[in-house]
Amino acid sequence: MSVDALLVAVIALPLAGALLVTACGERRRNLREAVTLVTASLLLLAVLQLLAPLWPTDLESESTVALSTPLVLAEPWPGVTVALAVEPLGLLFALVASLLWLVTSLYAIGYMRGHGEQNQTRFYAFFAVAIFAAMGIAFAANLFTLFLFYEILSLGTFPLVTHAGSAEARRAGRVYLGILLGTSIGFFLLALVWTWSIAGTLDFTAGGVLAGRASPFAASALLVLFLFGVGKAGLMPFHRWLPAAMVAPTPVSALLHAVAVVKAGVFTVLKICVYIFGADFLSQVPAREALMYVAAATLLIASLVALRKDNLKARLAYSTVSQLSYIILGALLANALGFIGGGLHILMHAFGKITLFFCAGAILVAAHKTEVSDMRGLGRAMPVTMGAFFIASLSIIGLPPGGGLWSKWLLALATVEAGAFILLAVLLLSSLLNIAYLLPIPLRAFFGKADNQSNGDGVREAPGFCLAAIVITTAGCVALFIWPDAARRLLSLMGGIE
Amino acid sequence: MTLAHLPALQVVAPLLAAPLCALLRAPLAAYLLTCAVAAVAAATAGWLLFTVTAGGAAVITYALGGWAAPWGIEYRVDALGAFVLVIVTGVNLVAVWFGRASVMREVPRERVFLFYTGWLLCLTGMLGIAVSGDVFNVFVFLEIASLASYFLVSMGRDRRALSAAFRYLLLGTVGATFILIAVGLLYQMTGTLNMADLAARLPPLKESRTLQVAFAFLSVGVGLKAAVFPLHFWLPGAYTFAPNMVTVFLAGTSTKVSVYILLRFFFSVIGTDISFDALKLHWFLLPLALAGIFTASIAAIYQNDVKRLLAFSSVAQVGYMILGIALASAAGLSAALVHLFNHALMKSALFFTVACMVFRVGNSKLTDLAGLAKRMPLTAAALVVSGLSLIGFPFTAGFISKWALLAAALQSHGWWLALLVLASSLLAVVYMWRVVEALYCAPRAPATVQSQAMTVTEAPLPLLAGAWLLAAGNVAFGLSTELSRGVAERAALLLFGGAP
């Protein structure tokens, strides 16, 4: 298939999946789940097809690959198009999202049935819509297209967040949508139109489009607007939607609020820094330094908050807020190591964090526990789950044998290259905090003594589908530790970075 | 050539059909006649628009009865006029063709023919305004449209419709009188009523006090008709208590036509030199627009009746159009015109879906619509799509409006105005979200409280089709903007005298 046909397929597949899932309905639920799995598999295949020409097979030759010309779908405004294109960072994001969608679908089947959730058809349909939006974001050829799909993602995940339909879920849904739409309409859209009126184009261009056109003041204002406007990146003080979104069923928290949605946010930030500002121009923007410290503060504060959270999902959510700021920091450092390290952290953190959420969901389904303090001694009843939790924690912290080591390594090198030693210290301190809030959970589960009998008896591992998903993503963490280079080389193909 | 008579046909068809409709008396016959006229009007408007944009002639003039212009009555259609004609006839077509069930439910059977007679007269007036080439005829047609719409509003089932119609009548008459005074003053100064003539004779009178007085009367008069803040007090009541299809029709057309009059007078007749450079019109309009946008949006948030909520939203949306005009640039004007088009589309779609709900539930209180999405999923989905358009969500017509307005605001006033526009659109998110949340997420109230909302079913097919047609239009015009933006830009350039 040609690249254009594949691009259309990548966008159309999840959407078709959503419609078919709705058509199947609750009565044919096995067929419905089959539709989800088949769609996810086909999507993964399509993304791999797109990836094939770029995949660095020959490690010796640094070939520069000609990127596809944008495929224009509509032109609602002269010069502003809805267009798709293939680009290394987007490919990586699409690959992560589509691969983990397949795994999460497996997990969701076990979880939703094991937990006896209502309205499962709606759940799977909107899940597919969210992936559709994520694919659109990944393959957007310009910032306008990206914004369109970004908004669809906010709206499409709302029914998933409020899935429970309770008063608490509604309240959380309001916070979720309020912050995400508020920031995107209030800041992001303004920055978008402003950029367009300055540069006359919104196309992602190697080296950026603002250089030489925006005054230092305008560039600073734009950078601030973009970074806070992309609320999905979770920069404080606009991070509250993420903990609020934790009322959603665990598969949603796992795929969307550890991978697709939050990564869409930092992905957008990276794209803006690389292709709208460009490394050279970005490093001259006056506001950049202040924003780096905002990111650093977010990184530390979120870690400290995570430390104090007893609810496991809340702790993981704040951990995510903290890890997202690593990527923002990488983007703001405005050097090649930072961009590549940030991009790589999207991948590494995705595998680590989705595993942790899977484990949290498995514990909820099997042992009905949500609080960290209740999980002592649980490791003996759920050794696979807790073992996976341990390995994934190591990856998040940045220790072997987890892939997180490499992205944090590159980010640390990037701070050194930029001469920002305070930020280096922040990164190291944060890693220590990661240890403090993550590792005690599996350690106490294995070696701690159960407070009551319930953790020992009667509790067994989660359903097979869940367990399979956990094992796959944990294996992914380890595999990324052993073979990180292909992803790094893919990222180094990003246009305009040396 | 017969095609040359198109501008006349545009007005004559509904005008002749109105008495015929009154004579027919049978509800079905009246309905069919109105349908036929709606189709003819829409086709004529489409043809006119095609002719002035793609067909070579930039302006079509038509001397009524063969009496040449400054003496005879001249009909004159340019890109702007044809644009408004298409909007009015388009909304009219959908409301007439698909709205029958709603009309039959709300209007007593023996008065249906009167309803359609009033409707046709209202249509005549609005179309007449857009084709008219002289200012006195604009006034006459405006009065035809207004009197007919007072009548239509008063046919609402709720008795409060009468007082709403009366208030509308009082304020509307004040507005009309002011316009008439202004027209009189213009005539006294120049001795002509023809727009082209006036445009040629007014510039030397730039310093004249009389012109300034006429200008002031005109602004207030048209402002009343267009519901420009703070002259909007008639609108929420009229929209809330009118029969639902009348609300659809008026919300999509009446304020738009009034904004058209505003543009015609300020730009074509008086000219930008006088309106903006000499009399600083934009200094008044900009604060009024902003105040209107914010006040009305905030008022909308606190409404408990969906129709009233949407009515306040309309006042706010008129504010956006005025804001576009107040930017005093071609980009701003074209943004205002794009929004004129898109707002007609989104607001008629919203009121149409509400009409579907009222058809089943009986009223439009938020509490009574709670949880209705389960019962009327398709209607509710149409409301969500149109609501997204109102908010300015990507892929919808509303987004195009917002984009145009933001770009124009950034161009002429910088980021602070753009930020205000965006902040106000967040208010739209809040009030639309209240409706959506009520429909989808509201807990089921005790059965005694809302017996109806829980037992109703989906609206009848024609109503549903109308709602979805309009909702789909919101998406279509969010993706392809050749008709909305393309023509708006052309018209804006025309009003700015060909200057880029």
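Modeller: The C-alpha centres of domain 1 of chain B and domain 2 of chain B lie 22 Å apart. This is a predicted model, in which local features need pLDDT of at least 70, side-chain atom pairs count only at pLDDT 80 or more, and totals for chains, interfaces and linings use all residues. Residues are numbered from 1 along each chain as its sequence is written, while chains are lettered from A and ligands numbered from 1 in the order in which they are written.

Biologist: What are the bounds of domain 1 and domain 2 of chain B?

Modeller: Domain 1 covers 1-270 and domain 2 covers 280-500; such bounds come from an automatic or database domain assignment.

Biologist: How many residues does the contact take from each domain of chain B?

Modeller: Domain 1 of chain B gives 39 residues and domain 2 of chain B gives 42 residues, where contact requires C-beta atoms, placed from the backbone, within 7 Å.

Biologist: Why is helix 10 of chain B called oblique to helix 14 of chain B?

Modeller: The axes of helix 10 and helix 14 (residues 306-326) of chain B come within 8 Å and cross at roughly 140°. Angles under 35 degrees count as roughly parallel, over 145 as roughly antiparallel, 65 to 115 as roughly perpendicular and the rest as oblique. Helix 10 of chain B is therefore oblique to helix 14 of chain B.

Biologist: Which residues of helix 10 of chain B meet helix 14 of chain B?

Modeller: L235(B), P236(B), Y239(B) and T240(B) meet residues of helix 14 of chain B, among them F312(B) and V315(B).

Key:
Contact = placed C-beta atoms within 7 Å. Axes fitted to C-alpha atoms, helices over the stretch in contact; angles between N-to-C directions. Helix = DSSP H or I, 4+ residues; strand = E, 2+ residues; numbered from the N terminus.
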